[in-house]
Amino acid sequence: MNRTTRTLNPLPFQDLEPHRFEDLVRQIIYDFRNWRSLEPTGRLGSDDGYDARGLEITNEQDEIEADEADDEKDDAPIADDRLWQIQCKREKTITPAKIGAYADEMLKDGSPQPYGVIFAAPCDFSKKARDAFARKMQEKKIQEFYLWGKADLEDMLMQPKNDHLLYAYFGISLVIRRRTLKSQIRGILATKRKTVKHLGAVDRDGYVSIL
């Protein structure tokens, strides 16, 4: 008997309040790099064009020395730390022109230029939009840059390590679904074994006829 397969619909990012979308993206990137700090800068308005700021640790020895120093703050910047800027826009459509304008807003002339940039939005970016973003980042001399659209975010949320975020924000757990499916299969096999036991054994040509 064929059994209907249930699949996931697209994740409803549009149902998240803008700050909650920012929280989701920031929590996704917690293990993206080895951060000294990852700050939600956009919650109170004056965000200078970006929603989160991260300091990436690049010198492990500096990290050890900072941890051992009693008078050193855990999130105090070190000279070798790399600055990252993260911007989130909960918009369904972002054109090439608009992504360029957002990049200019993030990376204003005269302001400290970050090492890396992450721009995230729950929309499908066209090739032209991705190319426009890449050109802007190259013009601004950004070393690493990432443009995460709806498909990119869904891919990351489907990873087992992010199952807790998938559940916290959307009430979906693939781990629980896998466990439920495994239980269903075990139940079917148990019923099959009981049926064979009570109705007859299997002969060379198949099951013994009952009716």
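In this predicted model, helix α1 is the element that gives the most to the lining of the largest cavity, with 5 residues. Helix α1 spans residues 18-28, and both α1 and strand β3 supply at least two residues of that lining. The structure holds 1 cavity of 30 Å³ or more, and the volume of the largest cavity is about 60 Å³. The largest cavity is lined by 11 residues, of which E22, D23, R26, D51 and A52 are the closest to its centre. Sorted by class, the lining comprises 5 nonpolar, 5 charged and 1 polar residue. In general, empty space of this kind is located by rolling a probe the size of a water molecule over the atoms.

Strand β3, which contributes to the cavity lining, covers residues 82-88 and is paired with strand β2. The pairing of β2 and β3 is antiparallel and runs over 5 bridges. Within this pair, R53 stands opposite Q85 of β3.

Strand β2 also pairs with strand β1, which covers residues 35-39. Here too the sense is antiparallel, with 4 bridges between β1 and β2. In this pair, S37 is placed opposite L55 of β2.

Terms used:
Residues numbered from 1 in each chain as written. Predicted model: local features only at pLDDT ≥ 70, side-chain atom pairs only at ≥ 80, totals over all residues. Heavy atoms only, no water. Pairing = 2+ DSSP bridges. 1 Å grid on protein atoms, 1.4 Å probe; cavity = no way out; pocket = protein on both sides within 12 Å on 5 of 7 lines; lining within 4 Å. Points joined across faces, edges and corners; volume = space filled by probe spheres on them. Nonpolar A, V, L, I, M, F, W, Y, C, P; charged D, E, K, R; others polar.
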